[in-house]
Amino acid sequence: MAASQPVRRLQWAGKTTEEILACYQPGKAPPLKVLEVLLELFNTLHTSLEKTVSHKTRYERAQFLRRFFRDLKAKAGFNTIPDPRNLGQKHIHAMVQVWQKEHLAPATIQTYLSFLRGLGMWMGKHGFVRGPAHYGLSLEEYQRHEYAQRDKSWSAAGIDIEELIERVCAYDRYVGASLRLINAMGLRRKESIQFRPFEHVLPFRETGLPIDSKAADRYVRIKGKGGRVRFIPLDSPARLAAVDLAQGLVCNRDAYLGDPANDLKQNLRRFDYVLEKFGITFRELGVTAHGLRHEVLIQFFGDQTGQPPPVRGGGPLPPDLDLAARRAVSELAGHARIRASGAYLGAASVNQQGAGRSAARKETNSHPQE
């Protein structure tokens, strides 16, 4: 872990964190300056585990905490911004009320409270942030839904997928090509932009997959969240066409799909900008780019079972068939847990869930090394 810590300022050399913070006295040091010191000292740390967090988490946590303290004055009505070390329950209560008025999603509120929990931990205040109910949040306002409650795919919103992607392609060929990949293989937004159209396409023999699983001569190698690698067969005209389009855009065989004039962060911002320009937001069309991923995984489940998933009104399936299809969906999506497929497919019937859990336990017990 020491190797992954940021380099400390020279004036902090040899000092403990307590000694460093003592140099910034409450009431004298600007609160936002103290926050930056806390971020510099602790933002790499996980809230509960002995490990560091990803750069994405560090960025999102830092952005939230900066905004949180500014909003205490701008939105919650406090005359001054408190020193982070003097943050009180009244401040959290006030901001939770702001979030309620803004109708933030339960998952967002849970994430925000988790970030505040981390801040409390940095200051030695374990347990400082209470449970959501303590701040007046109802169950519906803070409970995450593990299973999809509605169909978030583009077709469910009545969108002509091909026509809309074609218009995006005409405006920005790189973003259009990313959407083609997402629509063909169910990739995440970042995975599509980081895709290397030549380097990430491999013959089956180089995948290391068992021979009896061969579904195509060529496969796409995708490295997703948590560093998990998955291989997707180029077994359909849509997948082949998406890869061909991407290969025709890159400037060399080692290049990524994103605009070569931009870095990853800029290409991600460009992707979001183009989609917003075409109304691909919850506010306008009722969908996001992630809805194309839902589209692919829902369709894939139907191909595996012969009927739509529960989120589209599909009826009960034989437990073994349902479990096998959900496992295949999870693998295609790049998830480590079969249960994660429920976020796209919806919940199975009670009997199916019970049988599925039993089958999953048997599988785990028969493969203890995993």
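Helices α3 and α4 are roughly perpendicular to each other, a label used for angles of 65 to 115 degrees, while angles under 35 degrees count as roughly parallel, over 145 as roughly antiparallel and the rest as oblique. Their axes are 10 Å apart and the packing angle is about 95°. This is a predicted model, in which local features need pLDDT of at least 70 and side-chain atom pairs count only at pLDDT 80 or more, while totals for chains, interfaces and linings use all residues. Residues are numbered from 1 along each chain as its sequence is written, and side-chain values use heavy atoms, with hydrogens and water left out.

### The chain as a whole

The chain has 15 helices and 3 strands. Both kinds of element are DSSP runs numbered from the N terminus, with at least four residues of H or I for a helix and at least two of E for a strand. Of the 370 residues in the chain, 42% are buried. Buried stands for under 20% relative accessible area, exposed for over 50%, and partly exposed for values in between, with a 1.4 Å probe and protein chains only. The accessible surface of the chain comes to about 20100 Å², and carbon and sulfur atoms hold 51% of it; the areas come from the Shrake-Rupley method with a 1.4 Å probe. Among contacts with a separation of 6 or more, 61% join residues 24 or more positions apart. A contact means heavy atoms within 4.5 Å.

Two packed helices are described by the angle between their axes and the distance between the axes. The axes are lines fitted to C-alpha atoms, for helices over the stretch in contact, and the angles run from 0 to 180 degrees between N-to-C directions.

| Helix pair | Angle | Axis distance |
|---|---|---|
| α2 (residues 31-42) and α3 (residues 55-74) | roughly 160° | within 11 Å |
| α3 and α4 (residues 89-101) | about 95° | 10 Å |
| α7 (residues 161-171) and α8 (residues 173-185) | about 150° | 6 Å |

In the contact of α3 with α4, Phe64, Phe68, Asp71 and Leu72 of α3 meet His91, Met95 and Trp99 of α4. These residues divide into 5 nonpolar, 1 polar and 1 charged. Here Ala, Val, Leu, Ile, Met, Phe, Trp, Tyr, Cys and Pro count as nonpolar, Asp, Glu, Lys and Arg as charged, and the others, Gly among them, as polar.

Helix α3 also packs against α2, and these two are roughly antiparallel. On the α2 side, Leu32, Leu35, Glu36, Leu39 and Phe42 meet Arg61, Ala62, Leu65, Arg66, Phe69 and Arg70 of α3. By class, this contact has 7 nonpolar, no polar and 4 charged residues.

Helices α7 and α8 are likewise roughly antiparallel. Residues of α7 in the contact include Ile161, Ile165 and Tyr171, and those of α8 include Arg173, Leu179 and Asn183. The contact of α7 with α8 has 8 nonpolar, 2 polar and 4 charged residues.

### Two residues of helix α12

Glu295 lies in helix α12 (residues 290-305). Glu295 is buried, with a relative accessible area of 12%. Not counting residues up to four places away in sequence, Glu295 touches Ser153, Trp154, Ser155, Ile161 and Arg312. From C-alpha to C-alpha, Glu295 and Asn183 are 7.4 Å apart in space, although 112 residues apart in sequence.

His294 is also in α12. His294 is buried, at a relative accessible area of 5%. With neighbours within four places in sequence left aside, the contacts of His294 are Lys152, Ser153, Ala343 and Tyr344.
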